[in-house]
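Hi,

Here is the structure I said I'd pass on.

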Amino acid sequence: MRSLELDSAELEDLTSEVVQAVRRWNAELDLRPIAPASSGPQVLDLFGGGIPEAGLGHDALAFLPALLEHSRAQNGRFFGYVLGSAEPVAALGDFLASALNQNVTSWRSGPAAATIERALVDQLAGELGCDGFSGSFCGGGSSANLMGLAMARESKCAANEIGARPAVVYASSEAHMSIPKAVALLGLGRENLRLVSVDDRCKLRADVLREAIAEDLRAGRQPIAVVASAGTVNTGAVDPLDEIASIAREHELHLHVDGAYGGLAALADPARIGLLGVAETISFDLHKWLYQPVDCGLLLFRDRDLARRTFSYTDDYVTAFADDPLEAFAFFEESLELSRRFRALKAWLSLLYHGMRAYRASTGEDLERAQQLARKIQEHAELELLAPVELSVVCFRARGDRGVNVDELNRSILTTLNRRGRVYISNATIDGSFALRACLTNHRTSSGDLDVLVDEVLSAAASLTAD
Ligand SMILES: *Cc1c(COP(=O)(O)O)cnc(C)c1O
């Protein structure tokens, strides 16, 4: 029987083989079909065989070529969802984080790790217009939104001891699905989530929000929070933060900003997002617009005391383990998570390597390229834009000939495109219509990649219309 402990030669051998696979992946990324031509049964057959009693040793790595072949190759022409292409220095940071295996529960559990995370959170908060905010990394925007709304509930309708009572939360009809999910999980009841209608730019209508609050108050219900989107997934719409903040202030509501997609654009162009610092809590996703490998969510909050009231089980946090406040610090008193991966390392390493300026420039380029793509689309009479391009999402479609079912045509274009594998896009529903949706949050995308995208769409449209 094998010992679980490897000798140094074995470890060296495995490491170099894995590094080679990573090299191959990076070198071939641009040539691979983005969506692999995999079928469910085929992949199950390759990987579903189970683990034998006797270990395979080095032969266990024989699966590496198949793993690469059946993975989605997110090169510069990947425009799907809100995701990038994993900045490689950050990927090395993730490898280091696993090897060091710091459990970032608190300073004591990993002095360097906790210090790096806190310093990076402080700096990002400052750069994002949220000076003085605290926070921590988490699994993603969904977790950050859940924590932000848990803080809202504890602040306005405390439930930790006595249980949740119905209370009303407001968000736009374009809000991400993680918001209704959080409202449900927090026991507030999805019936108490008001999905406020949006204007013709897909932004929450402040006048409708006011009316909705007034109506709930008249009916004796308790409004507790408003969620503003800083970049909706569908179209990248940014809700009017200032106006929403003043309504929230007037009614003493907790303002949570869902900036999982767009919040980090404030690094490049703060004016486009508005003042994030007006919120009580804000979600970000560094695995979206900071090009990090998944996962790397971030919640920022203004009031550490509220975070502690929400997430600390005992009052033990006040009884410091150490005299030094730095050494007494514990993330678990301010977060849902106890055992925590050293997520900050990848972001810290890659930011340190490239510098803030390079990140700002890349985000700025994404914003600019989205406008460029919109212009290219408008240059082609066969195509049309379906929504204004506010951040880096471009929603469009092929018009199709008269008499053709435009939704069906574009659905087929999407399937054809992704099956061909040269580009990858996703879809959205705009005013009830099927839209092709390209999102630019990818440091590998070049202007040439935009040309490929437009060419692919035009040729798919032409071939589908011809038959
Ligand atoms: C992606 C996204 C989320 C969810 O984030 P995950 O990291 O996928 O959990 C929430 N809100 C918005 C606006 C998003 O774009």
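Below is what I found, grouped by topic.

One thing before you start: this is a predicted model.

**Cysteines**

I began with the sulfurs. How many disulfides does a search of the whole structure find? The count is zero. Cys202, for one, is in no disulfide, and the nearest cysteine sulfur to it belongs to Cys395, 8.1 Å away. With a relative accessibility of 12%, Cys202 counts as buried. The cut-off for a disulfide is 2.5 Å between the sulfurs. Cys296 is buried too, at 0% relative accessible area.

**Around Cys296**

Val294 and Asp295 are joined by a cis peptide bond, with omega at about 0 degrees. Asp295 sits in the loop that runs between helix 11 (286–289) and strand 7 (297–301).

Tyr291 belongs to that loop between helix 11 and strand 7 as well. Its phi is positive, near 65 degrees, and Tyr291 is a residue other than glycine. Is Tyr291 buried or exposed? Tyr291 is buried, at 1% relative accessible area.

Gly139 meets this region from elsewhere in the chain. You'll find Gly139 in the loop between strand 1 (134–138) and helix 6 (141–156). Which residues does Gly139 contact, once neighbours within four places in sequence are set aside? They are His287, Asp295, Cys296, Gly297, Glu337 and Arg343. Take His287: 148 residues separate it from Gly139 in sequence, but the C-alpha to C-alpha distance is 9.7 Å. Gly139 itself is partly exposed, with a relative accessible area of 21%; the limit for buried is under 20%.

**Another positive phi**

Glu252 is not a glycine either, and it has a positive phi of about 55 degrees. Look for Glu252 in the loop between helix 9 (241–250) and strand 5 (254–259). Glu252 is exposed, with 60% relative accessible area, whereas Tyr291 is buried at 1%.

**A buried glutamate**

Glu117 is part of helix 5 (residues 111–127). Its relative accessible area is 0%, so Glu117 is buried. What does Glu117 touch, leaving out residues up to four places away in sequence? The partners are Val104, Ser136, Phe137, Phe331, Arg340 and Ala344.

**Two helix pairs**

Let's start with helix 13 (residues 344–354) and helix 14 (residues 356–379). Their axes come within 6 Å and cross at roughly 95 degrees. That puts helix 13 roughly perpendicular to helix 14, because angles of 65 to 115 degrees fall in that class. Helix 13 brings Ser350, Leu351 and His354 to the contact, and helix 14 brings Met356, Ala358 and Tyr359. Sorted by class, that contact has four nonpolar and two polar residues, with no charged ones.

Next come helix 15 (residues 406–420) and helix 16 (residues 447–466), whose axes come within 9 Å and cross at roughly 120 degrees. The crossing of helix 15 past helix 16 is right-handed. On the helix 15 side, Leu409, Ser412, Ile413, Thr416, Leu417 and Arg420 make the contact, and they meet Glu456, Val457, Ala460, Ala461, Leu464 and Thr465 of helix 16. This contact of helix 15 with helix 16 divides into seven nonpolar, three polar and two charged residues.

**An exposed proline**

Last one. Pro166 is in the loop between helix 6 and strand 2 (168–172), and at 61% relative accessible area Pro166 is exposed. Beyond residues up to four places away in sequence, Pro166 touches Leu188 and Asn192. Pro166 and Asn192 are 26 residues apart in sequence, with their C-alpha atoms 6.9 Å apart in space.

Cheers

Note on methods:
Residues numbered from 1 in each chain as written. Predicted model: local features only at pLDDT ≥ 70, side-chain atom pairs only at ≥ 80, totals over all residues. Heavy atoms only, no water. Buried < 20%, exposed > 50% of the residue type's maximum accessible area, 1.4 Å probe, protein only. Axes fitted to C-alpha atoms, helices over the stretch in contact; angles between N-to-C directions. Helix = DSSP H or I, 4+ residues; strand = E, 2+ residues; numbered from the N terminus. Left-handed = near helix turned anticlockwise from the far one by under 90°. Contact = heavy atoms within 4.5 Å. Nonpolar A, V, L, I, M, F, W, Y, C, P; charged D, E, K, R; others polar. Parallel < 35°, antiparallel > 145°, perpendicular 65-115°, else oblique.
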